[in-house]
Amino acid sequence: MATLDTLKRALLQKASATTSTQKQPLSDEQYRVGLDIFLQSSGWMTYQDFIVPQLIQLLGPLFQSRLRISVLEIGPGPKSVLGHLLDDQKQKITKYTAFEPNKVFASKLKEWLHSNPFPCLEHAASINLSAFTSRFDLYKKPNPDDERFDVILFCHSMYGMTHKHEYIIKTVNMLVEQPGGGMVVVFHRDGLRIEGVVAHRVTSFPTGIVSIVDTDKDLDRFAQFIAGFSAQDESLRALWRSVCRDLGRHDTAQPGNLLFSAPEIMVVFTRNATAWRLSAPLMKENRKVKNREAHLRLPCGIVQPTGIVDVQDCTGWALENKTGLTVMGGGHSGHCLWSNIRAIDMGTLNKAHVIASGDTKPGPLIVVESGCRAGDIIRKALADGLTVPLGARPSVGAGLWLQGGIGHLSRLHGLACDAIVGAVVVSVESGKVLSVGYVPDQHRPHDAVPLEDNDLLWAIKGAGTNFGIITSITFKAYPTPTYTVQNWVLSFNDMATAKAKIGEFDNLIAKGLPRSCSADAYLFWNKDRLHLGITMFETSMATNCVTSVALTRAYKILGPGKSIQIVDSMSVFDTEMYMSEMHGGHGGGKTSSFKRCLFLKDIGESKIATILLKAIENRPTPLCYLHLLQGGGAIGDVPADATAFGCRDWDFACVITGVWPREQDGTKEETAAVRWVYQISGILLPLSTGVYGADLGPDPRDAALAVKAFGPNLMRLARLKKRWDPCNVLAYACPLPAPPKDPKVIVLVTGESGAGKDFCAGIWACLFTKSNITASVSSISEVTKCEYALATGADLNRLLNDRTYREQHREALTAFFQSQVEKRPQLPEKHFLNVVHSATDIEVLFITGMRDKAPVATFSHLVPDTKLVEVRIETGSEVRRVRRGLKPAKDTLKDKNYAPQDEKDSLRDKHDALKDGENALDEWDYSPSFVFHNDDEGGLPARSFFQRQLLPLFHPLFQQLAGMVRQIPDFPKLDINFRHVLGISQSRGGLKLCTSLLRAHCTSDWTQISSIVCVETGGFIFASALALQVDVPLALTRENGKLPPPVVSVVKDTSHISGVTGQDQGEKTIEMEVGVIPKGGKVVVIDDVLATGKTLCAVLKLLIKAGVARNDISAMVVAEFPFHKGRELLYREGFGGVNVQSLLVVGGV
């Protein structure tokens, strides 16, 4: 199936060869008819599956950050594609301008606009009947008074346009300059080449297909639409029809139609499109790469760093200009180059250093810069009698080792990524140089920041291309072996015999091999016969190898093979059957290829063997083949979650390789080979145990494969991607999904043993579920119990399920946990996040078993997008003893079987009894969000509490209020995403909604409140409106000098947020009038936000100084930003007992 670009070239060639051809531009009507044919076929699917979804996703954040959106659309056709945006997005469009020179389209566009698709236009839409290219002087300097737009859209309107580069720059200069800027969006058939400008984002859609009815009339109209001009004589039209029929594919699913491939691309530019200069050196000519896909792309310059500083320069440039980067190692990846995206060629960083075993604790090491190739490393190591288990080809680079690395030593020593013990990384989050894991002192940059966090090293070992730019890797080295290599090539006349032989190879040879041996297989077609090629590699530390038991068994099953070769670690590369036996050395080397790799077990099983044989039988080109690399052994020794490479349970890696002669690049043979690879991958995917991520990229066809690329580690990697590459600088690596959203609400259910925490949590989760809100319960203490059982030999099952047994171990468990925290202070945070991250697709998570004081203050910053509340279960001590299976305290002294443990329990429970009531919270000096008294039996009180306190957390009005908080990027400075909370008051009905929620959800009785304390400045807005509703007077807090004396005052520390905005230049004093709050009065503090907590902390100190009792103070804020740890500050400053409520929880900084 040829592409539309291939078809266009062929049509133009025929026209050029016809001397009598007169090129007549298409009339408006001819263009309309051609477009109708295109869209009425499956061409509209490209809009449905790609263009519309991409626009909705792309424009979402921009539209959310603006109250008004202005749009310029060039060549919209009879109807703007923007009409398919979401309703709330269309309502943001207040200005629409279009250039549509086709009079037929312009007329229909005006008719469509009369249907009011953009209901909030402030003026009538402006439709210009002239071409955009005729109205603007390309070389005129932009004028500050020129008209500006938020969005400029070219949707299939750059065809035939010359000077594309200049027009992109022109339109970029027409974008608004406000924070966040705007964007120029281009949709075009793949192959668009715009030199010298940097893209903000590039997305491809390679699966588009156009289906045309195979009639002379339809083909004539379609061919001239693709060619761009009409054929005046019948002879050329006949030639064009013949070209269409030769290149189009016939499909039994669509008889009577011709199918053409229509790959699509979206390129997005911002005002940074021309900001492409940086100090790091650029290559004068683009480097030629091995991969066919990458070779066709035109990057916006390739940087050749001379050191780490240049890599940092590139990273800083990408972060500043909000664009991506690609990284080139060996050049084998199809995603190492992308059009209009800057690339870093690491080839100049190509040194390798061998460190003898006596010099390092881990043993012999090899430190390699990331521009090294596998052959360079093996050659260097071989000179010292060492090796590293790298890939099977000498030309592969760091991209392979960081994502797995399957080679001849994998069964003996593991994957290449398993040998990584450390790395030097340039962070794409901060631009800093990080030293991760073990890096020898002499190879650690002087300014490298040692990283204690093992998560990044874990991610590098299997998914390393996603988390930073690796400049050097430290490998564990092994003694170099000698290889004995034996090849067999078997041919078959029928599939049944071939299938039986595959079964024998799998079950009688491969499964019985020791780890020192591996057997690879190849399925290919040659000279009209199916062939099974087998290569056995055996490693030995001896220089003179003898025939092994494994080889002897193979001879009995496979017969005599080729002559045995005994080679070293470098020469073994040349023994690959791919290089020596297949198709004359793989087509003589003048071929292009495309591959994907899946992991399989039991390849000799009938179903899998049949699929493999059918795949080769139906190959689209003679050179396609399947390569089966043996796994098992040391690969499977590593637990699936020990490294990012989570696919460990497989017998063979099946590399599905489509190959075609290089002269057929860009033809239907190439398209067919690529399609074959994906078809076979799709058939094998349900039967596979995983997918090799090294080949995958942002191609949509890879999406289903990428889901199985990392085994059980996918979601953990997704979260780490957000943490270590928040701006998606490395967007063109193996795709990771967006991290799963944490629960909207987390309820920490706390209380003494026997209070009924699990019972209440279970009831509440069930009630949420019945309300169509997904909920679950998890115990944070289960991990501790597992570790305790492992350390002490206690029965884990009884610890989890037997209350009496658990009570016997309670003190020991507590001591064990405390000792673990002393060794690992971050352990509570780790346990908390593990519980949260295990709760996927859950809206409400109840967590029991918490042992931490002030858990909301302690953990809320870890889940900044989630509302974290605590419900403390209060129960009398006697009730708790009964529920724990202990005797009432009054009976213990009468019992002759009374034991010391009962005495300890009695004393503890007496102490607990003293804590019951008001004094229970004093020891903690913090106030839980809610207190539930659970002395009564049965679930009725818990149900009532649920209706009063928990279910209202999901009232739809909260979502409505959250929608009024706009996110404004790069304000007040670059890389700050400002949440405009005060914008609520500027939204229609916003202030009324907000104050009604503040009134309804305050835990205090408004009739008992004597004053509403409002905080300057944001708090004034909401407090004033609230005071009017509840008829409570205000108590103003202001900066010094703004209130008449006498006043009481305190010093407020500067927050780092105020420092960012430039508002705070040092400490400030805040004041309140003396006597404004009556003696003994209760107050509610109202403010717009809680971020660092410094403002609220100062106000609370002011109130205490004014004589207000702590237990008479509560606070409410409209929006809380947990990231800044405001509650933690309040707790440290002694205000943990003040009940602080927030209507909204907002993520980010």
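Let's start inside the protein, at a cavity lined by Ile378, Thr387, Val388, Pro389, Leu390, Gly391, His408, Leu409, Tyr483, Ser569, Val572 and Phe573. The model you are looking at is a predicted one. This is the largest cavity, and about 90 Å³ of space lies in it. By class, its lining has eight nonpolar residues, four polar ones and no charged ones. Rolling a probe the size of a water molecule over the atoms shows where empty space is left. In this structure, five cavities of 30 Å³ or more turn up.

Around the second largest cavity you will find Ile780, Ser781, Thr784, Phe817, Pro828, His831, Gly849, Met850, Arg851 and Asp852. Its lining is made up of four nonpolar, four polar and two charged residues.

Look for serine 781 in the loop between strand S32 (775-779) and helix H24 (782-792). Is serine 781 buried or exposed? Its relative accessibility is 9%, and the cut-off for buried is under 20%, so serine 781 counts as buried. Its side chain makes a polar contact of 2.9 Å with the side chain of serine 779. Beyond four places away in sequence, serine 781 touches Thr848 and Gly849.

Threonine 46 sits in helix H2, which covers residues 28-64. With a relative accessible area of 4%, threonine 46 falls under the 20% limit and is therefore buried. Which residues does threonine 46 contact, once its neighbours within four places in sequence are left aside? They are Ile51, Phe205, Gly208 and Glu264.

Alanine 318 belongs to helix H9 (residues 308-321). Its relative accessible area is 1%, so alanine 318 is buried as well. Setting aside neighbours within four places in sequence, alanine 318 has contacts with Thr323, Leu325 and Val729. Arginine 342 is 24 residues away from alanine 318 in sequence, and the two C-alpha atoms are 8.6 Å apart in space.

Two whole helices come next. Helix H18 (606-617) has twelve residues, and the distance from its first C-alpha to its last is 16 Å, close to the 16 Å expected at 1.5 Å a residue. Buried within H18 are Ile608, Ala609, Ile611, Leu612, Leu613, Ala615 and Ile616. An α-helix has 3.6 residues a turn, so residues three or four places apart point the same way.

The buried residues of H35 are Gly990, Leu993, Cys994, Thr995, Leu997 and Leu998. Covering them are, among others, helix H34 (956-962), helix H36 (1018-1030), strand S43 (1113-1120) and strand S44 (1139-1145).

The tour ends with some backbone geometry. Most residues other than glycine have a negative phi, and most peptide bonds are trans. What kind of peptide bond joins glutamate 1016 and threonine 1017? It is a cis bond, with omega about 5°. Threonine 1017 lies in the loop between strand S38 (1009-1015) and H36. Another cis peptide bond joins proline 1045 and proline 1046, where omega is about 0°. Proline 1046 is in the loop between strand S39 (1034-1039) and strand S40 (1047-1052).

Aspartate 602 has a phi near 55°, a positive value in a residue other than glycine. Its place is the loop between strand S27 (591-600) and helix H18. At 34% relative accessibility, aspartate 602 lies between the 20% and 50% limits and so counts as partly exposed. Aspartate 1031, which is not a glycine either, has a positive phi of about 60°. You will find aspartate 1031 in the loop between H36 and S39. Its relative accessible area is 69%, over the 50% limit, so aspartate 1031 is exposed.

Key:
Residues numbered from 1 in each chain as written. Predicted model: local features only at pLDDT ≥ 70, side-chain atom pairs only at ≥ 80, totals over all residues. Heavy atoms only, no water. Helix = DSSP H or I, 4+ residues; strand = E, 2+ residues; numbered from the N terminus. Buried < 20%, exposed > 50% of the residue type's maximum accessible area, 1.4 Å probe, protein only. Contact = heavy atoms within 4.5 Å. 1 Å grid on protein atoms, 1.4 Å probe; cavity = no way out; pocket = protein on both sides within 12 Å on 5 of 7 lines; lining within 4 Å. Points joined across faces, edges and corners; volume = space filled by probe spheres on them. Nonpolar A, V, L, I, M, F, W, Y, C, P; charged D, E, K, R; others polar. Polar contact = N/O pair within 3.5 Å; in protein donor to acceptor, adjacent residues only side chain to side chain. Expected span 1.5 Å × (residues − 1).
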